[in-house]
Amino acid sequence: MHKSNTCGELRREHIGQTVKLAGWVNRRRDHGGLIFIDLRDRWGISQIVSDPEAATAAHETLNKVRNEYVIQVIGEVRGRPEGQSNDNIATGEIEVVATEVNILNASKTPPFEINEDAKVDEKVRLTYRYLDLRRERMRRNLVMRSQVTTYIRNFLADEGFIEVETPILFKTTPEGARDYLVPSRVHPGKFYALPQSPQQLKQLLMVAGVEKYFQIARCFRDEDQRGDRQPEFTQLDMEMSFVERDDVIDLLERLMTSMIEEVAPEKTIMQKPWPRISYDEAMDKFGEDRPDLRFEMHLKDVTAICRDTGFKVFDGAPMVKGINAEGCGATYSRKQIDQLTDVVKRHGAKGLAWLRVDEDGYKSSFAKFLTDEKIAEMVAALDGKPGDLLLFIADKAEIANDVLARLRKRFGVELGLADPNVLACCWVIDFPMFMWNEDETRWDPSHHLFTSPMPDSIPLLDTDPGAAVGSQYDMCINGYETAGGSIRIHDRELQEKVFKLIGLEDDVAQERFGHMLDAFEYGTPPHGGIAPGIDRLVMLLAGEPNIREVIAFPKSQQASDLMAGAPSVVEDHQLVELHV
């Protein structure tokens, strides 16, 4: 071994021992006669000191090294002189006096500083990702990710789950996003698909009698990139037989609560047990089905108040809804309000109506069109007080909810209401089974094709599909959907009925999902599962702004690998072999 100890483990009890350390030069300081090196490896930093009179050769070698050189140091551990301890590092009470130094590899000057967390253009970071990962923050994120997956594996093993790997090359069965396709060389004109999730395979494992399955699974979806999306991502895939909705929710809540407390003890879970919120309540109060419960600022429906006012903007709108940005009336300028108007217009709203509550009355973009009584009712509905800024959207429900939810999140950050050290975990339940697709004039599943309706909603599939409630459930943390799951259909007849409702003809259903339908005729148990996103979960625990910060080698916002240059052009002969 090139090292006898790590750079992060030496303490006062090691004083007097001769050790071998190896790592990267984090920082070099020449104090005239003495040279000091901070030597770094994955476990921490040790200070190395060389004295030209005590070890001439070692001193001369250290005089040559620069930041990011890889070196080996042999020397004796001693306590630091009085008053020179460094409380910022675990090894701050000792230093190693070098007697021998070997340069294992030199380094060019890096394109950015590695020994400090300075802001670096993300394109540069992704191009030199192997250097970016040396930085302390990124190292910490990788360690946390490993701790999360290790904890999950141990917990589920104790609960009787077994880990089963499922294929990466599978059949194309569209599930909402585009598939990544892989042409087959041995089957001309045919393609594999990379799985968007192991959904069908884990259900087939329930048919196989596995009963409790999990996998840290790679998934692939060809969709537009966002801060919490990547073309390839990792999820904890779980499935259980002979369970109902509450069984799955209870198990995952126990897993996540204990894992958070173990891996991220500095985080506080806002409420235990986690609250359960219906889809309708989430949309009504928060405008979205992944609510951030760290602060209130609830959306308020004032449609009834705003009817027959004589103000066309309100009278003609399907919905009028508002939020109270408490205290912002005294601080927000007209220019800032105009900027908010531009934001809501970019997301489909026609405009933003505003009202500022003052001690002596109101200032507003619309008050002159309404009676004092109506204005007072609107202010009372939003609990308006002097100094508050009330914002209203008059539009279709989906637009009003969406843009107000965006404004709510914005104010949560601006007003410091969203404490980053608090994890507001909750469950959203009682989703509608289907959403009406106006363009295609058909019902679309709100979750996926294999979600079972709640038992009392099964008769509604024949009479009123829009009123049917699905058995799905989402785990949400701080405004992110961090897991989605459901109780699955396990009966062929019911599955075929759902296929018909969403417009899948019998022959198409058989071609795409015949293996599932056939399996359901061989004693399939009731089953259900869930799939937490590992990337999003670690992002929240690490306090990072996007999932690229917790993935070792992510793609850019344009879904490209800047380090390796992927995707890339392939040679003609490769395409010929693949019959493309």
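I start with a helix pair: the crossing of H5 and H14 is left-handed, a term used when the near helix is turned anticlockwise from the far one by less than a right angle, with clockwise being right-handed. Before going on, the ground rules: this is a predicted model, where local features need pLDDT of at least 70, side-chain atom pairs count only at pLDDT 80 or more, and totals for chains, interfaces and linings use all residues. Residues are numbered from 1 along each chain as its sequence is written, and side-chain values use heavy atoms, without hydrogens or water. Helices (H or I, at least four residues) and strands (E, at least two) are DSSP runs, numbered from the N terminus.

Back to the pair. The axes of H5 (residues 199-207) and H14 (residues 506-519) come within 10 Å and cross at roughly 20°; axes are lines fitted to C-alpha atoms over the stretch in contact, with angles from 0 to 180 degrees between N-to-C directions. H5 and H14 are therefore roughly parallel, the word for angles under 35 degrees. Gln200, Gln203, Leu204 and Val207 of H5 make the contact with Phe513, His515, Met516 and Ala519 of H14, contact being heavy atoms within 4.5 Å.

Most residues other than glycine have a negative phi, and most peptide bonds are trans.

Which peptide bonds are cis here? One runs from Lys272 to Pro273, with omega near -10°. Pro273 sits in the loop between strands S11 (268-269) and S12 (276-278). Another cis bond joins Ala566 and Pro567, with omega about 0°, and Pro567 lies in the loop between H15 (534-542) and H16.

A pocket is an open set of points on a 1 Å grid over the protein atoms alone, for a 1.4 Å probe, with protein on both sides within 12 Å along at least five of seven lines; lining residues have an atom within 4 Å of a point. Of its 18 lining residues, Tyr180, Leu181, Pro567, Ser568 and Val570 are the closest to the centre. S7 gives the most to that lining, with 3 residues.

Technical notes. Parallel < 35°, antiparallel > 145°, perpendicular 65-115°, else oblique.
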